[in-house]
Amino acid sequence: MSTYTIIALGIAQVSLLLVSLVILIRTPADRIRHFPKAVWAAVIIFLSFVGPILFLSIGFTRHSTVDLRQNSSRSPVDIVKEIYGPPTASAPQQRKQDQHIAEAASVLTVAGLRKEFGSRRVLDGVDFHLRQGEIYGFLGRNGSGKTTTIKAILNLISINAGEITTTAKRIGFLPDVPVYYPWMRADQFLRYCGRLYGLSGSELEQRVSALLDLARLSNQPQRIMDYSRGMRQRLGIAQALINGPELLILDEPTSALDPVGRHDVLAMIEALRGQATVLFSTHLLGDAEKVCDRVGILHRGQIVLEGPLAQLSKTSEHKLSLTVVQSQHLSQMQPLLDNAEPQVLPSELETAIGRSGWKVIAAAPQQRSLEELFIEATSDHQMIKGEKSNELSTL
């Protein structure tokens with residue numbers, strides 16, 4: 001064997017040894033197969049050519065141990081419980097009407113918030129608070145200052161006046177246009193985010209697996225660059241939950257999504273009730289009505305309407321929606337009315353209707369929709385605190 005051959009073999013052996021050791025060191029422990037890292041290091045060093053080749057062949061996997069092709073039958077609520085554990089006794093368990101929400105401590109308080117960009121005042125004394133375990137709808141037109149408020153809460157911009165306090169030690173955030181590393185898969189991106197928060201090992205893998213199930217991305221092995229807008233939004237919420245946040249801030253998470261995509265995102269948000277406190281910024285009023293416990297409407301830099309949805313929809317004017325029929329046709333409908341519950345109406349009103357030849361067969365209180373409240377509040381610019389005022393109809 002010539003000298004050159006011996007030198008070439010030596011260089012190849014050293015190179016193979018170094019490459020194997022570098023890969024061994026940089027590969028996470030959860031991707032090492034068959035033996036622990038220390039054992040593989042000994043095999044690589046002491047078995048010459050055989051050790052490195054053996055390790056490079058069977059010693060590690062290039063991809064996560066999470067099975068991306070599995071389908072989960074677990075409900076979003078069950079998955080959230082896996083991440084957060086059982087809800088606390090004080091956390092709200094029922095939607096909107098729960099007494100625990102009113103009694104819960106404030107997780108986030110914004111008082112007198114003012115922000116100016118040059119001569120333009122964007123926020124002018126914003127006041128609101130979020131209670132533990134509730135979903136708070138932060139509503140407003142485009143350009144009303146919602147995103148500016150969120151940036152101030154997250155300390156991404158300075159403020160001119162006011163105070164922002166929170167008891168949350170862990171905060172999750174989804175911006176209105178989330179940005180990803182497009183070459184990554186969902187599990188790789190979530191694992192990357194988890195490591196930034198100090199998660200590792202089995203805890204990280206279990207969290208990634210649960211969040212992939214929650215976002216319905218467990219059977220999506222393609223790269224993020226190939227995701228639809230809805231898939232990207234669901235992945236964005238998943239990354240915001242990777243650290244199990246006590247306060248979750250979502251900036252327009254359902255904007256520009258189709259009905260199916262919006263339904264999926266809202267289901268994720270709904271599942272968080274009682275586990276995390278959620279600030280849900282949106283201008284889509286139907287989405288807020290579906291999932292929010294309380295809402296605050298921001299207009300021209302101020303909160304002009306705030307309160308529980310159920311209370312805000314009531315009207316102090318006692319409006320009624322009446323169904324009437326002409327008295328001459330009443331006999332034909334009598335069989336349908338025999339089993340109907342009686343309607344209580346002011347006697348003067350019923351008498352006046354009767355004199356006109358009509359008979360009231362149904363009466364129901366008329367409630368305002370959130371859309372009506374929003375339009376009136378943002379038109380008149382009046383400050384109304386739904387929890388403190390009984391005159392909710394005089395917007």
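A crossing of two helices is left-handed if the near helix is turned anticlockwise from the far one by less than a right angle, and right-handed if clockwise. In this predicted model, the crossing of helix 7 and helix 8 is right-handed.

Two packed helices are described by the angle between their axes and the distance between the axes. Helix 7 and helix 8 pack at about 130°, and their axes lie 10 Å apart. That angle makes helix 7 oblique to helix 8.

The table lists the residues on each side of the contact.

| Helix | Residue range | Residues in the contact |
|---|---|---|
| Helix 7 | residues 186–196 | Ala186, Asp187, Leu190, Arg191, Gly194, Arg195 |
| Helix 8 | residues 201–214 | Leu204, Glu205, Val208, Leu211, Leu212 |

By class, six residues of this contact are nonpolar, one is polar and four are charged.

Now helix 8 itself. Helix 8 has 14 residues. From first C-alpha to last, helix 8 reaches 20 Å, close to the 20 Å expected at 1.5 Å a residue. Helix 8 is mostly covered, with 10 of its 14 residues buried. The buried residues are Leu204, Glu205, Arg207, Val208, Ser209, Ala210, Leu211, Leu212, Asp213 and Leu214.

What do the buried residues of helix 8 pack against? Their partners are helix 4 (76–84), helix 7, helix 9 (229–240) and helix 10 (259–271).

Arg216 follows helix 8. The phi of Arg216 is positive, near 55°.

Key:
Residues numbered from 1 in each chain as written. Predicted model: local features only at pLDDT ≥ 70, side-chain atom pairs only at ≥ 80, totals over all residues. Heavy atoms only, no water. Axes fitted to C-alpha atoms, helices over the stretch in contact; angles between N-to-C directions. Helix = DSSP H or I, 4+ residues; strand = E, 2+ residues; numbered from the N terminus. Parallel < 35°, antiparallel > 145°, perpendicular 65-115°, else oblique. Contact = heavy atoms within 4.5 Å. Nonpolar A, V, L, I, M, F, W, Y, C, P; charged D, E, K, R; others polar. Expected span 1.5 Å × (residues − 1). Buried < 20%, exposed > 50% of the residue type's maximum accessible area, 1.4 Å probe, protein only.
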